[in-house]
Amino acid sequence: MKKKGSIILTLLFVFFSCVQTLAQKKTYPDVTVNLDSASLEQFVLAIETQTPLHFYYDTTQADSITITLHVQQQPLLKVLDQAFVNTGLRYTITEEGYAFILKDKNIETAFAPFNTDEKNGGRVDLNGLQKRDKDNIKTTLENKVYDIGDKLAPTAAPNAIIAGTITDAKTGEPVVGAYLQADQTGPSLVTDQYGYFSFSLPRGRHVINIQSLGMKDTRRQVHLYNDGKLNIDMQSTILTIKNVVISSQKLNNVRSVQMGLQKIDIKTIKQVPVIFGEADILRVVTTLPGVKTVGEASTGLNVRGGSTDQNLILFNDATIYNPSHFFGMFSAFNPEVVKDVELYKSSIPARYGGRLSSVLNINGREGNKKQLTGSAGIGLLTSRLNLEGPLIKDKTSFILGARSTYANWLLNLLPDQYKNSKAGFYDLNLSITHELDKKNTLYFTGYYSKDRFNLNSDTTYGYKNQNFSVKWKHVFNNKLNSVITGGTDEYTYNIGSNILPLSAYKMGFDIHQTYFKTHFNYYLDNRHTIDFGFNSIYYKLNPGYFNPDGKNSLVSPDQVEKEKALESAIYLNDKYNITNAFTLEGGIRFSFYQFLGPKTVNTYAEGLPVTTDNQTGSKFYDKGKIIKTYAAPEYRLSARYAFTPSFSLKAAFNTQRQYIHMLSNTASMAPTDIWKLSDVSIRPQQGGQLSFGLYKNSKANTIETSLEVYYKKISNYLDYKSGANLVLNHHLETDVIGTKGKAYGVEFLVKKLTGKINGWFSYTWSRVLLKQDDLAAGELINKGNFYPANYDKPHDVTLIGNYRVNHRFSLSLNATYSTGRPITLPVGVFYFAGSNRTLYADRNEFRIPDYFRADFSMNIDGNHKVHQVTHNSWTLGVYNLTGRKNPYSVYYVSENGAVNGYKLSIFGSAIPFINFNIRF
Amino acid sequence: MNKILLLLIVVFVAGCKEKFDSPAPKVATGYLVIEGVVDGDGGQTNIRLSRTAGLKDTSKLMEQGAVVLLEDSAGNSYPLYENGIGMYSGNLNLNTSTGYRLKINTQNSETYQSDFVRPRYNPLIDNIQWERDENGVKLFVDTHDDNNNTRYYQWEFKETWEFHSAFSASLKWDPPSGPNGSTLVTVAYRDASDPEISICWQSEASSNILLGSSAKLTQDVIHLPFTEVATGSQKMSVLYSVLVRQYAWSREGYQFLERMKKNTESVGSVFDAQPSELNGNIHCISNPSLPAIGFFNISRPTEKRIFIKNAELPNWNYNAGCVAFEVVNNPDSIQMNARGTLPMYPTLMTPFGEIAKFKVAAPHCVDCTLTGTNIKPDYWP
């Protein structure tokens with residue numbers, strides 16, 4: 001017991017020491033040593049037999065040390081000095097006769113009166129003492145040695161497993177993505193989204209260092225006897241301590257096997273200036289390399305040449321079909337309830353599937369488990385309220401976020417012809433986390449967003465997202481845990497007009513999906529981490545209805561037949577650490593899709609284009625009958641080789657399949673875009689991507705640099721035929737064509753997320769080209785040649801910069817430049833139906849002028865006193881600082897017989913904004 | 001959707017619209033454009049042939065010297081004759097039970113041929129209605145097909161209106177060119193040989209493709225607003241008339257017109273559909289890669305005309321914005337004060353019966369033939 005106590009104390013002092021080897025007053029007997037190339041152990045044994053001293057040292061530090069020494073009856077201290085010369089070993093001897101040997105560390109003993117230094121003239125070092133008091137709790141936990149596992153249990157295997165959860169000591173929320181490193185050279189890992197970790201370590205003593213962004217670094221000392229549990233609380237950093245040098249590995253892109261993964265936390269998102277000062281998750285995502293958007297009023301993402309429907313947007317496991325408000329002006333996520341955002345654009349984990357281009361995983365926060373807190377914000381167009389707190393302290397917490405607009409005042413400023421217009425949106429988020437016991441946690445998440453737009457009170461547009469999910473996390477044992485999720489996602493769109501009673505109508509469509517997911521995580525050993533699971537989604541699509549509104553309406557009700565399908569997948573993924581430097585990750589996902597009845601399916605003459613002329617008849621399938629099955633494996637492979645701890649090379653190969661398609665004949669993502677399931681004629685989209693990347697971290701990992709190259713192939717991507725009718729079409733297959741596509745590019749990113757100056761710079765060069773050359777499929781586009789997709793913008797440069805002047809004041813600047821998007825331009829005129837009309841060139845042959853925009857904002861925080869009722873902050877800024885009239889689109893109209901070209905910019909001047917936030 | 005976009009732009013006040021010149025280089029196109037509907041019931045058919053021109057080209061390139069004919073499935077041909085530059089006309093009586101196709105041989109030896117098309121029934125226009133609202137007069141066309149068979153309609157309309165000069169004139173300049181700084185100008189009384197300049201007519205044809213479909217309705221009934229005349233407009237200052245001509249189309253033909261309308265009347269905002277290719281039912285068979293723009297259709301047009309009197313429109317408040325002023329009748333005064341005007345009537349006579357002073361006004365206030373014609377249309381009441 002005593003020995004152990006000493007060790008703890010000593011280590012405590014190691015932590016704060018700043019003194020050289022100590023001079024000891026006590027005298028010891030002289031010693032004789034005759035050793036040649038002896039180990040430290042032999043040397044220590046020799047000394048211990050001649051003196052009453054007991055030595056303590058770390059054998060791992062001593063294994064490379066050899067000592068050759070021949071001395072006769074020399075003073076002990078002199079012998080030790082002589083023996084350790086050039087070995088880097090330092091020693092300390094306490095009053096009680098304990099001697100400690102450590103490598104490259106200066107040691108300070110426990111008691112101040114003895115804690116003197118010759119060079120210091122024997123003065124007492126008080127700094128160490130004061131500091132000790134301050135960080136008492138931390139140091140106590142850090143220096144305690146935790147016994148893990150049953151000491152008496154039989155110990156056959158050399159390794160044992162230690163697992164647990166890391167939580168925020170203040171809020172009780174799990175710390176996701178915390179980096180754990182066992183010993184200095186031992187295995188490392190990252191906590192999962194529930195803050196869970198599991199290690200396989202040799203039995204015995206270990207030090208586990210834990211680091212996480214925004215948290216104070218900490219560590220735990222364990223003695224591992226057998227499999228066991230260790231839960232760790234981390235303290236968040238309230239104030240940034242000056243001159244903190246983070247010298248070891250934060251979780252970084254060099255070490256992970258994932259390629260093309262970008263993670264941004266909400267703090268970073270909030271400091272990027274955006275239009276009207278509304279922190280906007282999707283807008284910030286568009287500043288990442290490889291992510292593009294067609295225009296300013298569009299939050300549709302085009303990731304690495306993918307179309308806007310090829311992104312799986314998950315908000316706490318719920319699929320969000322329309323992630324925007326106000327027809328694309330704002331994204332539909334309340335920043336107050338979001339923790340962070342992950343974008344997978346290259347190596348997509350096997351657990352995700354169903355979309356070709358990317359997975360955008362938006363993780364919501366868990367409510368504060370300790371106390372009730374909240375925040376509120378007021379902006380020009382929206383205001384927000386967020387409340388969180390415990391329902392049962394330390395067990396159950398909730399977080400509620402609400403956001404609403406009051407844009408009507410803006411509409412009232414409009415000319416009279418718009419005075420009856422109304423626009424509004426709101427969104428609600430509720431998450432409840434309940435910890436049943438240490439091994440079982442339940443999560444409930446609800447999301448609701450609604451938009452309504454009323455133009456001159458004659459036509460009403462509206463759309464809404466509705467999502468609900470329940471998740472059960474269960475830890476079987478230290479090696480195996482599972483997450484089971486079930487939920488429903490719904491998206492509905494409707495439009496109606498009743499200004500002409502004869503043709504008053506209501507029209508719309510909706511998507512409904514119910515899903516069930518099980519995911520298992522198995523930590524086999526240090527080398528293998530295995531994920532496996534099963535997903536299933538049951539789709540129910542109502543592709544469109546058109547109904548009369550009112551008694552006088554002559555509108556004949558029309559209903560496109562409902563579509564149903566079941567998409568399932570099983571997957572297995574193994575992360576294999578071959579060596580510390582070389583890691584492989586291989587996954588296979590087998591997806592299985594069944595298009596189900598009841599449905600009448602049109603049949604077409606074989607070998608002929610699918611057109612109404614070639615329709616041979618139709619066939620009715622009963623309820624539940626399988627109309628068409630598609631099944632295929634998808635491969636997810638990636639590898640990392642780390643040349644040095646801060647430089648690595650990665651490669652990845654991925655294949656994907658997508659069974660649900662968005663049909664749009666507009667250039668951007670619009671709420672009117674309808675969704676369609678794969679059926680007999682419309683095959684699933686397929687994609688494959690090969691990518692390579694170089695990752696280099698410098699300046700103590702504060703600067704991350706990466707270069708990624710990719711080549712992608714897409715097939716069966718749906719494009720529409722000329723003059724296609726996509727709305728209420730009972731034979732949609734005749735109006736669309738499957739195109740082939742290829743996309744390739746280079747992405748360069750430099751990122752610095754710490755320090756006074758932080759931010760990122762990205763440059764992307766990329767192309768995305770489509771082709772429709774199959775005459776049998778119908779008409780050719782651009783004579784069957786490759787043509788650029790709408791979102792093909794080869795050059796893209798973005799700078800996001802933030803300068804923290806002090807803790808309360810920061811400045812942000814972002815600048816973005818990109819090549820103008822392709823457009824189909826007129827090349828000629830002709831006279832028809834009383835007017836000059838335009839003749840268009842090949843599809844997307846020309847481009848609109850290049851895009852450039854710079855935005856600026858200032859974030860001003862109130863004082864940082866921890867104990868006050870409210871914390872206030874202001875955001876002021878200017879959007880489009882240079883006032884450049886970036887063309888949003890270019891179009892030609894025939895006006896009074898003449899053909900005139902116009903370019904339209906949405907934000908044609910600098911727009912100032914202000915936002916006020918309050919936290920309580 | 002473009003309405004919404006427009007609103008968004010207005011909302012975000014900073015938005016703006018500017019002229020844009022196409023960076024597209026001048027591409028030689030010169031594709032054949034075929035316009036016109038064949039009247040198979042003996043009325044005059046006019047098929048207009050022209051060529052597409054470069055964007056900056058203002059000339060209308062009419063296609064002259066082509067051989068244009070209709071051919072039935074039995075191989076009988078029905079020629080059309082060139083009647084004016086690029087216009088090919090004829091009076092044909094076609095059989096509704098067989099199909100016909102259009103054949104064109106151009107001077108530069110290109111051969112075009114359409115798909116076979118049957119003459120299409122076109123119901124009569126039931127009514128042209130109008131409604132007065134705060135903005136002006138809104139005009140509606142009403143039509144229906146008892147057989148619920150026509151479904152796809154196109155309309156053209158031509159507005160004609162009578163209007164009067166703001167001031168009537170009994171005087172004229174002598175010589176008629178009026179004061180211009182050099183020649184000696186006097187005023188003289190107008191006589192019967194002088195043209196009528198106070199009552200005129202003006203016409204304007206529709207220049208947009210006007211389409212309507214009842215395909216989504218249970219009955220083939222159409223009630224569609226086709227134009228609006230703003231309050232105070234000269235069009236209804238005296239007597240207004242509109243002639244609406246209706247055509248029936250097949251679904252494909254209607255879609256062709258719809259595509260053309262979308263392409264040329266509302267393209268460009270991100271929410272609008274992208275321009276699509278204009279493939280009609282006429283193909284160049286001598287060079288299949290050569291596009292031809294047009295859709296061959298046989299449908300006897302039906303017409304309806306209505307009149308609207310100014311008296312039916314209280315408080316129409318038409319104001320031509322004309323001001324008269326007085327000029328002393330001597331050559332110097334006329335040269336100095338009456339340049340750019342027309343004389344109207346004497347306001348002061350000398351004791352010898354000569355004109356001492358007279359009133360003048362801006363020419364368009366006096367002479368309506370400057371903007372219209374003084375020839376009364378034969379259908380005018």
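1. Strand 45 (residues 757-771) of chain A runs antiparallel to strand 47 (residues 795-806) of chain A, and nine bridges join the two. Strands here are DSSP E runs of at least two residues, and helices are H or I runs of at least four, each numbered from the N terminus. Two strands pair if DSSP finds at least two bridges between them. If you want a spot to look at, A:Trp760 stands opposite A:Ile800 in strand 47 of chain A.

2. A quick word on what you're looking at: this is a predicted model, where local features need pLDDT of at least 70, side-chain atom pairs count only at pLDDT 80 or more, and totals for chains, interfaces and linings use all residues. Residues are numbered from 1 along each chain as its sequence is written, while chains are lettered from A and ligands numbered from 1 in the order in which they are written.

3. Back to strand 45 of chain A, which also pairs with strand 44 (residues 736-752) of chain A, antiparallel, over 13 bridges. Strands 44 and 45 of chain A make a hairpin with four residues between them, and A:Gly755 in that turn has a positive phi of about 95°. A:Lys752 has A:Gly759 of strand 45 of chain A as its bridge partner.

4. Strand 46 (residues 787-788) of chain A is joined to strand 45 of chain A too, by two bridges and again antiparallel. Here A:Leu769 stands opposite A:Pro788 in strand 46 of chain A.

5. Elsewhere in chain A, three strands form an open sheet in the order 2-5-4, with mixed pairing. Its edge strands are strand 2 (54-57) and strand 4 (89-93) of chain A, each pairing on one side only. Strand 4 of chain A runs antiparallel to strand 5 (residues 98-103) of chain A, with five bridges between them. One place to check is A:Thr92, opposite A:Phe100 in strand 5 of chain A.

6. Helix 2 (residues 40-50) of chain A has A:Leu40, A:Phe43, A:Val44 and A:Ala46 as its buried residues. They sit on the same side of helix 2 of chain A because they cover an arc of only 155° around the axis, taken from the directions from the helix axis to the C-beta atoms. On the other side, A:Leu45 and A:Thr49 are exposed. Buried means 20 or more other C-beta atoms within 10 Å of a residue's own, exposed means 12 or fewer, and partly exposed is in between, with C-beta atoms placed from the backbone.

7. As for chain B, it has four helices and 25 strands. Of its 381 residues, 36% count as buried.
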